[in-house]
Amino acid sequence: MISTEIRRAAVLGCGLIGASVALALRRTGVHVTLSDRDPYAVRKAERMGAGTASARGDRPADVVVIATPPSTVPGVLREAQARGLGRVYTDVASTKAGILAEAEAAGCDVSVYVPGHPMAGGESSGPGAARADLFAGRRWALCPHPATRPDAVRLVTELVALCGAEHRLVRPDAHDRVTAAVSHVPHLVAAALAARFAGADETTLALAGQGLRDVTRIAGGSPDLWCDILRQNAGPIAEVLDAVVRDLTEVASALRGTDPGATGASGSPGISGVSGMAGAAGTPGALAGLLVRGNHGRALLAGARPAGVAGGRSAAPKAAA
């Protein structure tokens, strides 16, 4: 399939996400040019069939996709617009409000810039991990400024569809609060748990099961990239982390027998079975309460239409800065 509007795209940054976007677009017949500060990444993406290296004299692209670390996006956008690399610009960074504010302050033309974030990725990085189907059935957040032109949003929406994803319009600040909860803090929690095993002995590692591997899988991401991401969304992440720490602190106190809420139904100190662990008033103790809420949250996550399942049209609120 060849898009009626997107015939040429430029991808700036050939990591996992950028190269995957390029592969997905190439599969639909779009001509893609590639650039990256690392020549090896460009060569690798070229060999994989993601496109051709950009060259002086290339025709302007219909869409320019900025797939560089979050802190670099405003500067890359400004330079790309100054060079006239394309008609419309988007990015794939997992933070939005700060990037959009910095881009506007730097004098970027936000009327043709549609900040975006595909809800897909992996623990491996670099073009070698890229896949054309990485975004198939996934959600892709778009967070335009109120001044962004409707035709620019339409074009980026088409790019999302060509990649096999489903777009959803979200306010930049709302996006950052949500991604703190569903992506950024889970990565930190996985890293904190995995860090307990950084110096593990052979016996411990031999007894580690699949559950631990599942929980810590995402901790394998690039530390440099994740430091950049986390700093860009520091406020919302810190708020969610504070709530998680409160829960775990209460559980630690309960396990030490110092939490009155952990007293069993008989009134004696200590911890009884989960089903019967309640205070004198019949309310769950800290440990049981967390486990029960965990059951409920997991059920909601499992029962909701997951990000990897395609479906109807997004019910999208009007975007605002």
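Trainee: What does alanine 194 touch, not counting residues up to four places away in sequence?
Mentor: In this predicted model, alanine 194 touches Thr216 and Ala219. Contact means heavy atoms within 4.5 Å.

Trainee: How far apart are alanine 194 and glycine 220, in sequence and in space?
Mentor: They are 26 residues apart in sequence, and their C-alpha atoms are 9.2 Å apart.

Trainee: Why is alanine 194 called partly exposed?
Mentor: Its relative accessible area is 27%. Buried means under 20% and exposed means over 50%, so alanine 194, at 27%, falls in between and is partly exposed.

Trainee: Which helix holds alanine 194, and where does histidine 187 lie?
Mentor: Alanine 194 has its place in helix H6. Histidine 187 lies in H6 too, which covers residues 172-195.

Trainee: What makes histidine 187 count as buried?
Mentor: Its relative accessibility is 7%. The limit for buried is under 20%, so histidine 187 counts as buried. Leaving aside neighbours within four places in sequence, histidine 187 is in contact with Ile218, Ala219, Gly221 and Trp226.

Trainee: How do you know that tyrosine 113 is buried?
Mentor: The relative accessibility of tyrosine 113 is 0%. Tyrosine 113 is found in strand S6. Not counting residues up to four places away in sequence, tyrosine 113 touches Val73, Leu77, Gln81, Tyr89, Thr90, Asp91, Ile99, Leu100, Ala103 and Thr148. Aspartate 91 is 22 residues from tyrosine 113 along the chain, with 8.5 Å between the C-alpha atoms.

Trainee: In what order do the strands of the six-stranded sheet stand?
Mentor: The order is S3-S2-S1-S4-S5-S6, in an open sheet with parallel pairing.

Trainee: Why are S3 and S6 said to stand at the edges?
Mentor: Strand S3 (52-53) and strand S6 (113-114) each have a single partner strand, so one side of each is left without a neighbour in the sheet.

Trainee: What makes S2 and S3 a pair?
Mentor: Pairing requires at least two bridges. Strand S2 (residues 31-35) and S3 have two bridges, in the parallel sense, so they qualify as a pair. Threonine 33 has threonine 52 in S3 as its bridge partner. Helix H2 (residues 39-47) lies across S2 and S3, at about 155° to S2. Helix H5 also packs on this sheet, touching strand S4 (61-66), strand S5 (86-91) and S6, and its direction makes about 65° with that of S5.

Trainee: How many strands form the other open sheet, and in what order?
Mentor: Three strands form that sheet, in the order S7-S8-S9, and the pairing is mixed. Strand S7 (116-118) and strand S9 (166-169) are at the edges, because each has a single partner strand. From one strand to the next, the twist averages 25°.

Trainee: How do you know that S8 and S9 are paired?
Mentor: Four bridges join strand S8 (residues 139-142) to S9, and the two run parallel. The requirement is at least two bridges, so S8 and S9 count as paired. Tryptophan 140 has histidine 167 in S9 as its bridge partner. H5 (residues 150-162) packs on this sheet as well, touching S8 and S9, with its direction at about 165° to that of S8.

Trainee: What handedness does the crossover from S8 through H5 to S9 have?
Mentor: This β-α-β crossover is right-handed.

Trainee: What is the span of H5 set against?
Mentor: H5 has 13 residues and reaches 18 Å from its first C-alpha to its last, close to the 18 Å expected at 1.5 Å a residue. The expected span takes 1.5 Å times one less than the number of residues.

Trainee: Which residues of H5 are buried, and what do they pack against?
Mentor: The buried residues include Ala152, Val153, Leu155, Val156 and Leu159. The buried residues of H5 pack against helix H1 (16-27), S4, S5, S6, S8 and S9. After H5 comes glycine 164, with a positive phi near 90°.

Trainee: How many helices and strands does the protein have?
Mentor: The protein has 11 helices and nine strands. Of its 321 residues, 40% count as buried.

Terms used:
Residues numbered from 1 in each chain as written. Predicted model: local features only at pLDDT ≥ 70, side-chain atom pairs only at ≥ 80, totals over all residues. Heavy atoms only, no water. Buried < 20%, exposed > 50% of the residue type's maximum accessible area, 1.4 Å probe, protein only. Axes fitted to C-alpha atoms, helices over the stretch in contact; angles between N-to-C directions. Right-handed = clockwise from strand over helix to strand, strands pointing away.
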